[in-house]
Amino acid sequence: MRTSRPARIGQYTALLAYLVFLAFPFLWLLSTAFKPPRELGSLHPTWIPKDPTLNNFRQAFEEQPLLHAALNSLLAALGAAVIAVLIATPMAYVVARRRTRLAKAVTGWVVVSQAFPFVLLIIPLFLVLKNLGLINSVPGLVLVYVVWALPFALWMLAGYVRAVPPELEEAAAVDGAGRVRTLVSVTAPLLAPGIVATALFAFITAWNEFFFALVLLKTPEKQTLPVVLTHFIGAEGVADLGPLAAAAFLATLPSLVVFALIQRRITGGMLTGAVKS
């Protein structure tokens, strides 16, 4: 069924408006990061800086330990992504392939858990980490991020597992492969796009997370990048806008770079030709 010309124009217009809506904060942040203080205080702001400068970036690195905070964020995000994927993959396989009441209950719990607010979880998580001696530590923060990312990771991977033809696993079983061997050698390679997408979700969520890091990390040397960015705001709520924009721009780059590098694997169809018709 072909779409009429006015309908296509409307679709492209809506898509363009959505792209502008998404790109506006980032472009404005980029513009602000290169503006000198005189232009930042102007009553008539412009998109393109008239006198671009790198002083905001230099000042940001001089005022706050951005590199150390970025390292903390990287360790927490990578740890959460890897652990969440390692745990969620076999769990998703069981949930997708075992049509039992327990599997349905787990799926329902995953959906319901996404509605829990951060405030509801922080107190029990804080008490658990306190008993484990993991308060004010990056490993403790990784554990919290894994708990937070695991339900959605399980839900995502379960959908990818259901898309894998069961005939492949049946053929492996005929050849004598057990459940674990089938998961590792047959199913897991075909889940690569799903695993990458899930890991990316867990990484970006942990990299950008602020609330848990603010509550659990007290000493400056343990704080992550989103928490350190708040240090550019003074006690009276006045922001040092230039360095803040420069630091925030740098903080967004890792997520953009990671997504740009692996987006083809996310969208690529790796199941094509897996089963002969």
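Author: From the N terminus on, the elements of the chain run α-α-α-α-α-α-α-α-α-α-α-α-α. The model is a predicted one.

Reader: How many helices and how many strands does the secondary structure come to?

Author: There are 13 helices and zero strands. The C-alpha trace spans about 75 × 65 × 30 Å along its principal axes. Of the 277 residues, 35% count as buried. The chain exposes about 16,700 Å², and carbon and sulfur atoms supply 70% of that area.

Reader: What is the share of residues 24 or more positions apart among the contacts with a separation of 6 or more?

Author: Such residues account for 71% of those contacts.

Reader: Into which domains is the chain divided?

Author: Domain 1 covers 5-52 and domain 2 covers 65-270. Their centres, taken over C-alpha atoms, are separated by 30 Å. Six residues from domain 1 and eight residues from domain 2 take part in the contact, where contact means heavy atoms within 4.5 Å.

Reader: What area is buried between domain 1 and domain 2, and which atoms give it?

Author: About 610 Å² is buried between the two domains, with carbon and sulfur atoms giving 91%. On the side of domain 1, Phe26, Leu29 and Ala33 supply 62% of the area buried against domain 2, more than any other three residues. The count of salt bridges between the domains is zero.

Reader: What makes the pair Glu62 and Arg58 a salt bridge?

Author: The rule asks for a side-chain nitrogen of Lys or Arg within 4 Å of a carboxyl oxygen of Asp or Glu. The closest N and O atoms of Glu62 and Arg58 are 3.2 Å apart, so the pair meets the cut-off of 4 Å. By this rule the count comes to one salt bridge. Side chains of opposite charge can pair when their charged atoms come close.

Reader: Which residues make the nonpolar surface patch?

Author: The patch of about 700 Å² is made by Tyr12, Leu15, Tyr18, Leu19, Phe21 and Leu22. Phe21 is found in helix 1 (residues 5-33). A patch residue needs over 30% relative accessible area; Phe21 has 61% and is therefore also exposed.

Reader: What is the phi of Asn136, and is the residue buried or exposed?

Author: Asn136 has a positive phi of about 60° although it is not a glycine. Most residues other than glycine have a negative phi. Asn136 lies in the loop between helix 6 (118-132) and helix 7 (138-163). Its relative accessible area is 19%; the cut-off is under 20%, so the residue counts as buried.

Technical notes: Residues are numbered from 1 along each chain as its sequence is written. This is a predicted model: local features need pLDDT of at least 70, side-chain atom pairs count only at pLDDT 80 or more; totals for chains, interfaces and linings use all residues. Side-chain values use heavy atoms; hydrogens and water are left out. Patches are made of residues with over 30% relative accessible area and no salt bridge: like charges are joined within 9 Å, nonpolar side chains (Val, Leu, Ile, Met, Phe, Trp, Tyr) within 5 Å. Accessible areas come from the Shrake-Rupley method with a 1.4 Å probe; for residues, only the protein chains shown count as cover. Helices (H or I, at least four residues) and strands (E, at least two) are DSSP runs, numbered from the N terminus. Buried means under 20% relative accessible area, exposed over 50%, partly exposed in between (1.4 Å probe, protein chains only). Domain bounds come from an automatic or database domain assignment. Buried area is the accessible area (1.4 Å probe) that two parts lose on being put together, summed over both.
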